[in-house]
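Please read them with the coordinates open.

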Amino acid sequence: MSEDKKPLKPLATGDRTIPPEGAKMIPIYIMGREYMVPETLTIMKAVEYAGYTYIRGCGCRGGICGACGTFYRFLGDYRLRSGLACQTVAGPNMVIMQLPFFPLNRPDYVLDEIKGNPHEELRRLYPEVFKCIGCGTCTRTCPMDIDVMDYIALMKRGDLKGAAHKSFDCVMCGLCASRCPAQITQFMAAMFVRRVYGKYILPRAGHLERRVSEVKGGKYEKALKGLAAMKQDEVKKLYVEREREPDLAEPGKWMPRDVTNL
Amino acid sequence: MSGYTPELKELIRKVEATRPARVEKARKGEHFPALTLEQRQEWLRKYHPDYKNDGRRKVLVGPNRGAELPEEIAALLESKSRIDPLAIDLKRTDYEADLLVIGAGGAGTAAALAAQEAGLKVLVSTKLRHGDSNTVMAEGGIQGATQEGDSPYLHYLDVIGGGHFSNVPELVAALTNDAPLIIHWLEGLGMMFDKMPDGRMKVRHGGGTCRKRMHSSGDMTGAEIMRVVRDEARNRSGDIKILEFSPAVELILDEEGRAAGAVLYNLETKEYYVARARAVLIATGGFGRLHIQGFPTTNHYGATADGCVMAYRAGVRLQDMDSTQYHPTGAIFPEQNVGLLITEKVRGLGAQILNAEGEQFCFPLEPRDVESACIIRECLDIGKGVATPTGRSGVWLDSPMIDMLHGEGTVRKELPAKYIQFKRYDMDISKSPMLIYPTLHYQNGGILINEWAETGVKGLYSAGEVAGGVHGRNRLMGNSLLDVLVFGRRAGLRAAEYAKSNRPGVKLTLRHVEAFNREVEEAGIDGARTAPILLPDYSPDHVRARQVG
Ligand SMILES: Cc1cc2nc3c(=O)[nH]c(=O)nc-3n(C[C@H](O)[C@H](O)[C@H](O)COP(=O)(O)OP(=O)(O)OC[C@H]3O[C@@H](n4cnc5c(N)ncnc54)[C@H](O)[C@@H]3O)c2cc1C
Ligand code: SF4
Ligand code: SF4
Ligand code: FES
C-alpha cells in the first residue's frame with residue numbers, strides 16, 4: 001500500500017444506504033405518514049430507509065419484474081403520477097402509495113387450439129378490449145412509456161403484429177389496468193396477443209426444426225459421450241483449435257472449414 | 001450532467017483533462033499493458049474475493065464439513081433451523097401433490113410444465129410472486145446450437161473451456177444436447193425471438209463462443225422467457241397450483257430417508273404449513289443477496305441461498321460454493337442504479353477504466369475475474385477510488401470515449417437501455433463517465449446433481465442456479481438461461497417417472513433437522529443464526545437501534 005494515500009473503505013455495503021454526514025434530508029409521506037430520508041434515493045430505498053421491510057411490492061429491484069408499481073402526488077399538486085418504486089427517485093413532499101397487487105382478468109386458453117382466427121379468439125376471451133373509450137389514462141400511467149391505448153387500438157383493429165411489438169416492453173406491473181374506466185386488463189390481453197403472434201404469425205425457424213429432429217434422432221449423443229469420456233488434455237487441445245465464426249458472417253450461409261463435427 | 005454532485009463534477013474534470021490524449025493513443029491502437037500471467041495470479045490471489053483468504057474459513061458442520069468457504073456462506077450453513085421441528089404437526093397435511101416444486105423462476109416453472117405434461121399434479125411454493133426471480137432479469141440471451149455451421153459438439157467445447165475444464169462433463173453433454181430442443185419448445189410456446197424475415201433465428205457471439213449462437217428477445221430475453229412460461233403455467237392452473245409468498249423453510253423426509261415434502265411459511269400470516277409430495281424439486285436460484293464481503297449484487301430480492309441451506313440439512317453435498325462470478329462493472333452511482341449491470345460491450349467499444357485522478361490503471365478487457373481484482377485493488381489498497389455521496393467507492397468507466405472513437409450517436413445506438421437508465425437521473429453517459437465497482441452476479445457452485453437433476457437424496461431433484469457443476473467455476477453468458485430450462489425440464493420428467501413408480505412414504509419426519517440443530521450446538525457455534533433467511537434486511541442502523549421490543 002502506498003504510504004501517503006489513505007485507503008478508502010467503502011461505508012455502504014450491499015443495498016443498505018448509509019448517507020454521508022451532511023446529506024440533505026427530505027420529507028416524504030409513506031401512505032400519508034411523514035418520514036425524513038436522504039435525497040437521491042429511489043422510492044424503494046427511501047421506504048427501506050424509513051424502516052419498512054418489503055414483503056410485497058419488491059422483486060428484481062432493477063426495473064423489469066413489475067412488482068413495485070407506485071402512485072404518488074406531490075403536496076399541493078393535483079396531478080396523480082406513477083412509476084416503478086425501484087426506478088423513481090423520491091422527491092421532497094412526495095406522497096406515496098405502492099400498488100403491490102391488483103385483481104386482474106385472465107381467462108384461460110389453450111394456445112395449441114387457436115389455429116383459425118386469433119382476432120376472433122381475442123374477442124371471445126377479452127370482449128372488454130373492444131369497449132375501450134380511448135381516454136388515454138393507461139398511456140399516461142405506464143411507467144415503461146408504452147402507448148397502451150395505441151396497442152389496445154391495434155388489437156381492436158386486428159393488427160396483432162403491431163400490438164405485439166408495441167406492448168413488448170411491458171413489465172406487467174398492472175398500473176394501467178388499475179386506472180382503466182373500461183375495466184380492461186390491458187397487459188393480460190397483450191400477453192395473449194404476443195404469444196399468438198410468436199407462435200402463429202412470426203415465421204417459424206426451419207433450421208431449428210431440422211436440428212431438433214437430428215437431436216431427437218440421437219445424432220449427437222455419441223460425439224458428446226466421447227467428449228465427456230475424453231482425457232482433459234485432449235479436450236483442451238480441441239478447445240484451443242476451435243475455428244471462430246467471423247462476427248459478420250451471415251447466419252445460415254457461413255460454414256466452417258472442418259465440418260466433421262456438425 | 002446535472003445528475004452529478006459538485007464534488008463528482010470536479011473529479012470528472014480530471015477525466016476530461018486526460019481524455020484527448022487517451023483517445024489519441026487508443027486510435028493508434030496503443031493500450032494500457034495487460035497483466036502477465038504471473039501478475040494475474042498474484043492480483044487474483046490478493047484482491048479477488050474468491051481467492052482472498054481473509055473472509056474465508058472452514059465450515060464446521062454438515063456434509064461439506066472442513067471445506068473452506070466464504071464467511072457468509074459458512075455462517076449460513078452453520079445456522080439453525082427457523083422452526084422447532086417438534087412443534088410442527090406432520091400428521092396434519094395442509095397441501096398434497098405429486099411433485100412439490102420449490103421456487104418459481106425459470107427452472108421451477110419449466111419443471112412444473114414438464115411434470116404436468118407427464119400427468120402429475122404439481123404444487124409450487126415460491127417466495128415472492130411467480131416469476132420474481134433472476135430469470136426475469138436476464139437481458140443478453142440464451143445459447144443453443146441451432147444453426148447449420150454449429151453443433152452441440154462445439155457448444156460443449158465452449159462451455160467446458162469457459163469453465164476452465166472444471167465442469168462435470170455429463171452435465172455439459174446434457175446441456176448442449178438439449179439446447180435446440182429448449183429453443184424449439186420456447187418458440188412453440190409463442191416466445192417472440194429476434195428473427196430474420198424468413199423466420200431464421202438471429203444469433204450473436206457471446207464471450208468465449210466459437211459460433212454465433214446467442215438467441216435473444218430484444219434486451220429482455222429472460223423477462224420474455226419468464227412471462228411466457230408463467231402464462232402457460234397459469235393456463236394449466238387446474239394441475240399446477242402456485243403458492244406465492246409461501247417459501248419453503250425445511251425439507252420433509254419419509255421413514256426411508258426419501259424426500260416427501262416441505263414445511264412452507266406464509267410470509268404474511270406467519271403460519272407454517274405441511275406440504276406433502278411424492279417428489280420434491282429445489283429450484284430456488286442463486287445467492288446474490290448474501291452480499292458476500294459487502295458487495296452489491298445484480299440479483300433479485302429473494303436470492304438468499306435457501307435451497308442450499310435446506311438441502312444441506314437433508315444431507316446433500318454442495319460443490320464449488322466458494323466460486324462466485326463478480327461482474328467487474330456494476331453501477332454504484334446514482335444510488336438508484338447500484339448493482340445495475342453495465343454490459344461488457346461498453347468496454348468492448350473502447351471505454352477505459354480510470355481512477356480518481358483520471359488515470360488508467362488496468363487493461364480494460366482482462367478476463368472478468370482479473371478485471372474485478374484490478375478495480376478492487378485500486379480502491380481498497382491504492383486508495384485512488386472515487387467516493388460517492390452514499391459512501392461507496394468505485395472507479396470511472398469512460399463511456400464518452402465511445403462516441404469519440406466510433407462517431408457521434410454510437411452510445412445511444414449501441415447501448416439504448418443503459419443510456420435511458422442514466423438519462424432518467426439526468427446523466428448523459430455519452431458525455432460523462434459512469435461510476436462502477438464489481439458486483440456479485442452469479443452463484444457458480446451449488447447442489448450436486450447428475451444429468452437427470454437427481455441429488456443424493458431419493459426423490460429430491462435440483463435444477464437451475466441453485467445446482468452446481470454445469471458451468472464449473474466460471475459461466476459463460478447465455479448458458480444459464482439454457483441450464484435452468486434444460487435441467488428444469490429434465491427434473492420434471494424424471495420426477496414424474498419416479499413418482500409414478502414408487503410408493504409414497506407413510507411416515508413423515510423432520511428428524512434430520514433435529515439432528516442438524518444438535519450438530520450445530522455440539523460444534524459450539526455460539527449465537528448461531530437461523531436460516532434460511534428468506535429476505536435480506538436493509539433497515540438502517542438508526543431504525544434497528546430503536547427496534548428494541
Ligand atoms: C441481471 C442479470 C442478468 C443475467 N443475464 C443473463 C443472460 O443474459 N443470459 C443467461 O443465460 N443468464 C443470465 N443471468 C443468469 C440467469 O438469469 C439466472 O442464473 C437464472 O435465470 C436462474 O434461474 P433459476 O430458475 O435457477 O433461479 P431464479 O430465476 O432466481 O428463480 C428462483 C426462484 O426461487 C424463489 N425462491 C428462493 N428461495 C425460495 C424458498 N425458500 N422457497 C420458495 N421459493 C424460493 C425465488 O424467489 C425465485 O422466484 C443473469 C442474471 C442476472 C441477475
Ligand atoms: S402496459 Fe400496463 S402493465 Fe405493462 S408496463 Fe405499462 S402500465 Fe405496466
Ligand atoms: S384506460 Fe382503458 S379505456 Fe382508457 S384508453 Fe386505456 S384501455 Fe382505453
Ligand atoms: S422491483 Fe422489479 S420492477 Fe421494481
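1. A definition is needed for the ligand shells: Ala, Val, Leu, Ile, Met, Phe, Trp, Tyr, Cys and Pro count as nonpolar, Asp, Glu, Lys and Arg as charged, and the others, Gly among them, as polar. By these classes, the shell around ligand 2 holds 11 nonpolar residues, 1 polar residue and no charged ones. The residues surrounding ligand 2 include A:Cys142, A:Cys170, A:Cys173 and A:Cys176, as well as A:Gly174 and A:Phe187. The model is a predicted one.

2. Which residues come nearest to ligand 1? Of the 39 around it, they are B:Asp132, B:Thr135, B:Glu465, B:Ser480 and B:Leu481. By class, the shell of ligand 1 has 12 nonpolar, 21 polar and 6 charged residues.

3. Some polar contacts of ligand 1 can be listed with their distances. An oxygen atom of the ligand is 2.7 Å from a side-chain N or O atom of B:Ser480. Another entry pairs a ligand oxygen with a backbone N or O atom of B:Asp132, at 2.8 Å. B:Arg475 has a polar side-chain atom 3.2 Å from a nitrogen atom of ligand 1. Taken alone, ligand 1 exposes 1000 Å², and the protein buries 98% of that. Elements that give two or more residues to this shell are α4 (106-117), α8 (306-313), β17 (434-443) and α14 (479-501) of chain B. The most comes from α14(B), with 4 residues.

4. Strand β11 (residues 272-282) of chain B is largely enclosed by the rest of the structure, because 9 of its 11 residues are buried. Strand β4 (residues 95-102) of chain B runs parallel to β11(B) and is joined to it by 7 bridges. One of the paired positions is B:Ile102, whose bridge partner in β11(B) is B:Ile282. B:Ile282 also has B:Ser462 as a bridge partner in β19(B). The pairing of β11(B) with β19 (residues 460-462) of chain B is parallel, over 3 bridges.

5. The pairing of β11(B) with strand β10 (residues 259-265) of chain B is antiparallel, over 5 bridges. Here B:Leu264 stands opposite B:Tyr273. The hairpin formed by β10(B) and β11(B) has 6 residues between the strands, and B:Lys270 in this hairpin takes a positive phi near 60°.

6. An open sheet of 3 strands in chain B has the order β12-β18-β20, with mixed pairing. Its edges are β12 (318-319) and β20 (467-468), each with a single partner strand, so one side of each is left without a neighbour in the sheet. Strand β18 (residues 446-448) pairs with β12(B) in the antiparallel sense over 2 bridges. In that pairing, B:Leu318 has B:Ile447 as its bridge partner.

7. Is B:Glu366 buried or exposed? At a relative accessible area of 5%, B:Glu366 is buried. This residue lies in the loop between β14 (353-354) and α10 (368-382) of chain B. B:Glu366 and B:Ala34 are 332 residues apart in sequence, yet their C-alpha atoms are 7.0 Å apart. Leaving aside neighbours within four places in sequence, the contacts of B:Glu366 are B:Ala34, B:Leu35, B:Arg40 and B:Glu371. The side chain of B:Glu366 reaches the backbone nitrogen of B:Leu35 at 2.9 Å.

8. Backbone geometry deserves a separate check. Most residues other than glycine have a negative phi, and most peptide bonds are trans. The bond from B:Phe333 to B:Pro334 is cis, with omega near -5°, and B:Pro334 is in the loop between β13 (324-331) and α9 (345-348) of chain B. B:Ala531 and B:Pro532 are also joined by a cis peptide bond, with omega about 0°.

9. A:Asn93 has a positive phi of about 65° and is partly exposed, with a relative accessible area of 30%. For B:His164 the positive phi is about 55°; with 53% relative accessibility, B:His164 counts as exposed.

Key: Residues numbered from 1 in each chain as written. Chains lettered and ligands numbered in written order. Predicted model: local features only at pLDDT ≥ 70, side-chain atom pairs only at ≥ 80, totals over all residues. Heavy atoms only, no water. Buried < 20%, exposed > 50% of the residue type's maximum accessible area, 1.4 Å probe, protein only. Pairing = 2+ DSSP bridges. Contact = heavy atoms within 4.5 Å. Polar contact = N/O pair within 3.5 Å; in protein donor to acceptor, adjacent residues only side chain to side chain. Near = heavy atom within 4 Å. Areas by Shrake-Rupley, 256 points an atom, 1.4 Å probe, with all protein chains shown as cover.
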